[in-house]
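Visitor: I would like a close look at one part of this model. Please keep to the charged side chains.

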Amino acid sequence: MSTGSGADSAPAPTSTHESTTGGTFSSLKIRNYRLFATGAVISNTGTWMSRITQDWLVLSLTGSATAVGITTALQFLPMLLFGLYGGVIADRLPKRQILLVSQALLGLCGIALAALTLTGVVEVWHVYLVAFLLGMVTVVDNPARQSFVSEMVGPAQLRNAVSLNSANFQSARLIGPAVAGVLITTIGSGWAFLLNGLSFLAPLVGLLMMRTNELHASVTVPRAKGQLREGLAYVRGRPELVWPIVLVGFVGTFGFNFPIWLTAFADEVFDGGAGMYSFFNILMAAGSLAGALLSARRRSSRLRMLVAAGTAFGLLEIAASLSPYVWLFALLLVPIGMLGLTTNITANTSVQMAADPEMRGRVMSLYMMVFAGGTPVGAPIVGWISDTYGARVGFAAGGAISVIAALAVGFALARVGGLRLRVDLRPGRPHVRFVPREQLATAA
């Protein structure tokens, strides 16, 4: 049964509705999802410890924001090159089995980097190589994990579960950087990498403990020629899928390069250290967690919310880039995190709900390819701008591109939906809003 658009009844391009009952944490009543979420929060904490430690290690080895950008780019380059093929694999094979293999491989990558660091032989090319290998695994892991959510909770709780996944990730983001900062400054980076590798035991245990008879029926697609082209054609014909993916592509490529900006602001602009960098990440995580929990409470995914959040996100990035004070910069990171997460969750849930089950793996692989796979393009560019013209200019450029993309997508969706912009300056009325063309003509 479809959870979104089909050939005969596509939803309106300006909003996607899905009922969610039971409150903010309703998905956690489902045992299989509860096991999944418990394992995820442990491995996500390890992942955030590793990310912070990796960025600081590269900066320590090279002294270059560009090198941090290259590391980030290498981790997401496989998604850009092979992401769509990962979606085809996720549609063909049982997703739980895929995740058992992919999560084990992610853990082994963490242990390998730990061994290199603890033995004192680590060089920057080692970090580059491990980052690339992590990216290769996530090519399949990401679409399988995203689409496996619907098998655990069913269509009625899909929106809530996707939001709680993001809340889970951001909760770990609050803990991981703080632990990483302590470990880096006390016993060294290698232990953070080791704990990350071991943390993947938790999701593996959770997957093995699941009751397979309680999973919703999965849809697997038999191997056939042209499945990649079929997926692209499916998305191309549906504006409710195309435009959210376009927006998160621009925002992910140019607006989400926080490892580059936050390391540069902590190290160069405000003369801090690893502790300040961790603190910046904690503040962003707090805002992101708030955004995820607010999204879990909403009963529908409206594309107008996507456009508004994307615009405000970019404007706040520009404001933060101009901040002369560390306290003001830090304060602005909270709403930036909240609006960035709101943009991502709204796009993610809108796309998942609008995709047919047999296409969801390919659709989500395309979503992740443009959101995360754009990083190999954006990160070196933003890193070069930050090195050449300063971190403030790099941060402002990312925000400006996000604003332009959000406004362009908003007008494109309005045009598809037969809407026009209406300005009303009378007191007590919305001053700027989109209305149907017929309503605008009547008012005139």
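Which residues gather in a patch of negative charge on the surface?

Guide: This is a predicted model. The patch of negative charge on the surface is made of D267, E268, D271 and D387. Take E268 as a way in. E268 sits in helix α10, which spans residues 258-269. Its relative accessible area is 42%, so E268 counts as partly exposed.

Now the charges that pair. Side chains of opposite charge can pair when their charged atoms come close. The count here is 3 salt bridges, taking a side-chain nitrogen of Lys or Arg within 4 Å of a carboxyl oxygen of Asp or Glu.

One of them joins K95 and E151, at 3.6 Å from N to O. This pair links distant parts of the chain, 56 residues apart. K95 belongs to helix α3 (residues 95-118), and E151 to helix α4 (residues 124-153). Both K95 and E151 are buried.

Helix α4 also holds the pair D141 and R145. Their closest N and O atoms are 3.0 Å apart in a salt bridge. The two residues are 4 apart in the helix, so about one helical turn separates D141 from R145. D141 has a relative accessible area of 1%, so D141 is buried. R145 is partly exposed, because its relative accessibility is 28%.

R211 and E214 form another salt bridge, 3.1 Å from N to O. R211 is partly exposed, at 40% relative accessibility. E214 is partly exposed too, at 36%.

Key: Residues are numbered from 1 along each chain as its sequence is written. This is a predicted model: local features need pLDDT of at least 70, side-chain atom pairs count only at pLDDT 80 or more; totals for chains, interfaces and linings use all residues. Side-chain values use heavy atoms; hydrogens and water are left out. Patches are made of residues with over 30% relative accessible area and no salt bridge: like charges are joined within 9 Å, nonpolar side chains (Val, Leu, Ile, Met, Phe, Trp, Tyr) within 5 Å. Accessible areas come from the Shrake-Rupley method with a 1.4 Å probe; for residues, only the protein chains shown count as cover. Lys and Arg count as positive and Asp and Glu as negative; His and the chain ends are not counted. The place of a charge is taken as NZ of Lys, CZ of Arg, CG of Asp or CD of Glu. Buried means under 20% relative accessible area, exposed over 50%, partly exposed in between (1.4 Å probe, protein chains only).
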